[in-house]
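Hi everyone, thanks for coming.

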Amino acid sequence: MSLPPDSTSRRRVLRGLALAGAGGAAWLAGCRSLSSTPASGHFVRRAVEVGGRRHAYQVFVPAAAVPRPLPVVLFLHGSGERGSDGDKQTHAGLGPHVRAHAADFPALVVFPQSPEGTSWEGDVATMALAALDAATVEFDGDRRRTSLTGMSRGGYGTWSLALRAPERFAALVPVCGGITPPGTRPDLNSLQVESTREAPNPFDAAAQRLRDIPSWLFHGARDDVVPPEQSRRMYAALQRVGADVRYTEFPDANHNSWDAAYATQAMWDWLFAQRR
């Protein structure tokens, strides 16, 4: 609402604000906030409670000009971003790519954070899905166009969460992830997809259950943390069951294949075309 500089109504509003003091100033600031529309995408902080524990997460909300409802991407970070600050998970992998393209990135992106010493299993998986659901409702996300991606430990988590809730995702993009322990370092001996660990062939077991979800796998050929054999075996297993699957292996990349993966425009074109 715009009022003439010398109008009686304007004088009444200003007098009311002066009498209200700080409360009036806060009201005015709130009105400015509500009326402002971000010209570019931006990150917002949120929290979700699971099992009596509060978990901070972040959401990238695209520019207001992007048509709603929005496609949604759930991103699972790697080991180095674990914690409780609610911020580190946005500074490696997908977060930097989204920041660099904040003006035109066309999707809602949810960034949960796994606590120290945990993987994307059990209550942590429940938390990630709860954050996904809350952000989808709050920011007008499209449940039919919801995709899942993650890197390293989050690549394992991509398979794990998809196995837990296959009906939830239209596409999967695991980056330098796997199914069984990588066998490269003692601290990674417990890294695996728990729901298939007892299967005679965990890759085949996972592929059978995920055959109806399109997936695009990425890995570095020189990866010495999670060997590319993990993605190669999963790709072969998905091919055997007739799944819609693609695999890109970067010949010169070590463990950091995520920068190249998320810079692959063809992947985004493919991802945003997927629907349940």
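I'll start with the whole chain, move on to the sheet, and finish with a few single residues.

A word on the ground rules. What you see is a predicted model, where local features need pLDDT of at least 70, side-chain atom pairs count only at pLDDT 80 or more, and totals for chains, interfaces and linings use all residues. Residues are numbered from 1 along each chain as its sequence is written, and side-chain values use heavy atoms, with hydrogens and water left out.

How confident is the predictor? pLDDT is its confidence in each residue, from 0 to 100. The mean for the protein chain is 90, and 86% of the residues reach 70 or more. Please be careful with residues 1-37, though: pLDDT stays under 50 there, and the model has ten contacts beyond four places in sequence for that stretch. By contact I mean heavy atoms within 4.5 Å.

Now the overall picture. The protein chain has nine helices and eight strands; these are DSSP runs numbered from the N terminus, with helices being H or I of at least four residues and strands E of at least two. Of its 276 residues, 50% count as buried, where buried means under 20% relative accessible area, exposed over 50%, and partly exposed in between, using a 1.4 Å probe and protein chains only. Among contacts between residues at least 6 apart in sequence, 71% join residues at least 24 apart.

On to the sheet. In what order do its strands lie? The open sheet of eight strands runs S1-S2-S4-S3-S5-S6-S7-S8, with mixed pairing; two strands pair if DSSP finds at least two bridges between them. Strand S1 (42-50) and strand S8 (245-250) stand at the edges with a single partner each, so one side of each has no neighbour in the sheet.

Let's zoom in on S4, residues 108-111. With S2 (residues 53-61), S4 pairs in the antiparallel sense over three bridges. Across that pairing, Gln 58 stands opposite Phe 111, and Val 59 opposite Val 110. With S3, the pairing is parallel, also over three bridges, and there Val 72 has Leu 108 as its bridge partner. Leu 108 and Val 110 point one way from S4, Val 109 and Phe 111 point the other way, and all are buried.

What about the helices? Helix H4 (residues 122-138) lies across S1, S2, S3, S4 and S5, running at about 130° to S1. Helix H5 (residues 153-164) packs on the sheet too, touching S3, S5, S6 and S7. Axes here are lines fitted to C-alpha atoms, for helices over the stretch in contact, and angles run from 0 to 180 degrees between N-to-C directions.

In helix H3 (residues 94-100) we find His 97. Is this residue buried or exposed? His 97 is buried, at a relative accessible area of 16%. Leaving aside residues up to four places away in sequence, His 97 touches Phe 105, Tyr 262, Ala 263 and Trp 268.

Finally, some backbone details. The peptide bond from Arg 68 to Pro 69 is cis, with omega near -5°, and Pro 69 sits in the loop between S2 and S3. Asp 140 is not a glycine, yet has a positive phi of about 60°; this residue counts as partly exposed at 38% relative accessibility. Cys 176, again not a glycine, has a positive phi of about 45°, but Cys 176 is buried, with a relative accessible area of 0%.

Definitions and conventions:
pLDDT is the predictor's confidence in each residue, from 0 to 100.
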